[in-house]
Amino acid sequence: MTVTPKISISDGNLVVHGKTILRSVPDNIVLTPGSGVGLVTGAFIGATADRSKSLHVFPVGVLEGLRFMCCFRFKLWWMTQRMGTYGKDIPLETQFMLVENKDASEGEHDDNPTIYTVFLPLLEGPFRAVLQGNEKNEVEICLESGDNAVETNQGLHLVYMHAGTNPFEVIYQAVKALEKHMQSFRHREEKKLPSFIDWFGWCTWDAFYTDVTAEGVDEGLESLSQGGTPPRFLIIDDGWQQIGGEAKDSNCVVQEGAQFANRLTGIKENEKFQKNGKSNEQVPGLKIVVDEAKQHHNVKFVYVWHALAGYWGGVKPAAAGMEHYDTTLAYPVQSPGVLGNQPDIVMDSLAVHGLGLVHPKKVFNFYNELHAYLASCGVDGVKVDVQNIIETLGAGHGGRVSLTRAYNQALEASIARNFPDNGCISCMCHNTDGIYSAKQTAVVRASDDFYPRDPASHTIHISSVAYNSIFLGEFMQPDWDMFHSLHSAADYHAAARSVGGCPIYVSDKPGHHNFELLKKLVLPDGSVLRAQLPGRPTRDCLFVDTARDGISLLKIWNVNKCTGVVGVFNCQGAGWCKVEKKTRIHDASPGTLTGSVQATDVDALAQVVSSDWNGETVVYAQRSGEVIRLPKGASLPVTLKVLEYELFHFSPLKEITENISFAPIGLLDMFNTGGAVEKIEVYSASDKKPELLDGEVASELSTSLSENRSPSATIALEVRGCGRFGAYSSQRPLKCKVGGGAEINFEYEPATGLLTFTLPVPQQEMLRWPIEIQV
């Protein structure tokens, strides 16, 4: 039999599941059906040229009238999102694109569903492809090597396409298929997540910037611990290393960014981290700082910062003790796509001063010696920053992909050898050269920085992370960056991180904290209630511009072990401007917006429910405190001003008996309320003798609905944390027990079905309270 391909070129049109995506496909475009496990529903786009070059631009076809969302690099280091309907709307340096195709005239039917097609530009040999658009509404593939000596006249696997009816499944399946095809990276699910991500952290960056000292580290840890939110992981950011700068040239026009030309002069800590400014020959100063953090402040994990090239300006050539790295000065050359978006002060500086590039054959030795020293001081991992600089230095090294891959492989090999918990946070790294070369790195900073003093940055920070996570979250767990707990947008940032599935850490200055806010994120033992997946926009937000259209709220979904959550945010008013080539406020007073939420917004909710679930949920709105029983298919309205949020926790309703329904909610005062519920089991009275564990008979309880009612079932929960615990019960429970002990007092509101009681502070870390509720 003949199998009709789901993706094909027919009469000059690119057709996906019977729907035309691109028209006027040129003759030099080659479509290769995917073959092998997982690839069969996809296809590769290739192209041929008349002559070999190091940079090609191939028109692929005309895109008109179909909504798309893409992630593109607005500057060398970072991606953000863009929505559009025409090829000309596709920005330079687009690394991910999702296109929606539905027949609007007929509506959506099972026999004519909306089709989602993902376009993933790839690496092929030493070349890297990205997408862009032109004024003719053509989608173009830009293919480049980054080395004039590395040329080609064709590529057969430049873009991978995959299509289906669930956008999240389509993207997942596409990346899993590419994992098998490319063999150069691994999917997030295949990687070991470092343990620090389930603990609250503090980073020194926005507290001290490069002025960080050993004393400052101690003050910051002490200050947060005193308030009852003890950091259990610490990042010592930029400012601890031995660096040196070139003599400043008074005639040089690039003085503003000259600090970026500083180079590493040694792998050990600088004098600020030697106690009292003096070196202790027996015990390194960094080891003293790490030991004090762990022994006096109970920090579990200490990470330190370094750039992929060593420092911003690389490694100083022939620096004493570092001669064996064969470092030479290299001068960055940026790709046309990056230059067409936002210029960068770092690159302006390095183009003048050059970067000290460790020879790729020696870079493992460099990382290994650096990391071995850090490990000997008790350091558990590294935050590796400024990664995309390497793509600009490919000339003479076989091109950008080859050099990036050499550096990535060396880095991951050194981390595997020196940091057994896979201790690495990848940062300033949003290029596909690195993403498709990461077999091990499991945590990625997902957007440009938290900028405490830039009012234009806060709303776009939240929306950029969410949309970037659609792509990045298939490869690594997104990191939403540090934030300040004492800040006008602090609760907004905190709420977003609670649904992000990300590590949660702040960069507060010592003494500048909002502990009331932090205690909604951090339990007394320093652990956090982290959601299970990368937080991503809901399906109805995928193709609307929640940062700039003035009408749309951003909804971000995630799941916990037993519940789902949707965070709703008003992110309007600011974004990256392609005219001014910077992030700016374009609406100083965006309006109040109204939207709605429903259980199906949690795309993976089916993964945490039993097969007999009827679609009913209990919804807890964390900010307002409302509890609502929501029928299948029903929705709730939500109205928010800019920089406002609400967190809706969806708990699938369990039918315990014909007339008793139950749903666990979680810790009512925590942002990720449902994250506290680790397990739920129901034991029907008919399954075993209807005996109560303390021997009492249900009919003797004055709290029962009926003098004669016997318990119908026992609901057994495991819950982590402390404070006000809530659950929904359609009838007043007979009794509640915590920790296998005596009954505890509880409150019950018949009007809403809300059951509440208080969980004590556990005496051991990560304790899961056993709870029994008899109904």
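**Terms and their grounds**

Author: The model is a predicted one.

Reader: Which residues have the most contacts inside the largest nonpolar core?

Author: They are Phe 96, Leu 120, Ile 236, Phe 366, Tyr 436 and Phe 569, in a core of 158 residues. Helix 1, residues 167-182, gives the largest share of this core, eight residues. A second, separate core has 32 residues, among them Leu 14, Leu 22, Leu 63 and Ala 129. In general, nonpolar side chains of soluble globular proteins tend to be buried together.

Reader: Why is helix 11 called mostly covered?

Author: A residue is buried when its relative accessible area is under 20%. In helix 11, residues 490-498, eight of the nine residues are buried. These are Ala 490, Tyr 492, His 493, Ala 494, Ala 495, Ala 496, Arg 497 and Ser 498. The cover over them includes helix 10 (457-472), helix 12 (515-518), strand 29 (564-569) and strand 36 (645-652).

Reader: Why is the chain called as compact as a globular protein of its length?

Author: The chain contains 12 helices and 45 strands. Its radius of gyration is 28 Å, and the globule rule gives 28 Å for 775 residues, so the chain is as compact as a globular protein of that length. Along the principal axes, the C-alpha atoms fill a box of roughly 90 × 75 × 50 Å. Buried residues account for 60% of the 775 residues. Of the contacts between residues at least 6 apart in sequence, 74% join residues at least 24 apart.

Reader: What lines the largest pocket?

Author: The largest pocket, with a volume of about 920 Å³, is lined by 40 residues. Trp 205, Phe 260, Trp 312, Asp 449 and Tyr 451 lie nearest its centre. Helix 2 (205-208), strand 17 (241-244), helix 6 (345-353) and strand 22 (381-385) each supply at least two residues of the lining.

Reader: What makes a space a cavity and not a pocket?

Author: A 1.4 Å probe fits in a cavity but cannot get out, whereas a pocket is open. The search of the whole structure finds five cavities of 30 Å³ or more. The largest cavity holds about 120 Å³ of space. Of the 15 residues that line this cavity, Gln 387, Asn 408, Ser 426, Cys 429 and Gly 434 are the closest to its centre. Helix 8 (400-418) and helix 9 (432-435) each supply at least two lining residues, and helix 8 has the largest share, four residues. The lining of the largest cavity comprises six nonpolar residues, eight polar and one charged.

Reader: Why is Val 386 called buried, and why is Leu 643 called partly exposed?

Author: The cut-offs are under 20% for buried and over 50% for exposed, with partly exposed in between. Val 386 has a relative accessible area of 1%, so Val 386 is buried. Leu 643 is at 36%, so Leu 643 counts as partly exposed. Val 386 is found in the loop between strand 22 and helix 8, and Leu 643 lies in the loop between strand 35 (636-640) and strand 36.

Reader: What is phi at Val 386 and at Leu 643?

Author: Most residues other than glycine have a negative phi. Val 386 is not a glycine, yet has a positive phi of about 55 degrees. In Leu 643, phi is also positive, near 65 degrees.

Reader: How do you know that Thr 327 is buried?

Author: Its relative accessibility is 11%, and under 20% means buried. Thr 327 lies in the loop between strand 19 (301-307) and strand 20 (328-330). The C-alpha atoms of Thr 327 and Pro 317 are separated by 4.9 Å, although the two are 10 residues apart along the chain. Beyond residues up to four places away in sequence, Thr 327 touches Val 315, Lys 316, Pro 317, Gly 356, Leu 357 and Val 358.

Conventions: Residues numbered from 1 in each chain as written. Predicted model: local features only at pLDDT ≥ 70, side-chain atom pairs only at ≥ 80, totals over all residues. Heavy atoms only, no water. Core = buried A, V, L, I, M, F, W, Y, C linked by side-chain atoms within 4.5 Å. Buried < 20%, exposed > 50% of the residue type's maximum accessible area, 1.4 Å probe, protein only. 1 Å grid on protein atoms, 1.4 Å probe; cavity = no way out; pocket = protein on both sides within 12 Å on 5 of 7 lines; lining within 4 Å. Points joined across faces, edges and corners; volume = space filled by probe spheres on them. Rg over C-alpha atoms; globule rule 2.2 N^0.38 Å. Contact = heavy atoms within 4.5 Å. Nonpolar A, V, L, I, M, F, W, Y, C, P; charged D, E, K, R; others polar.
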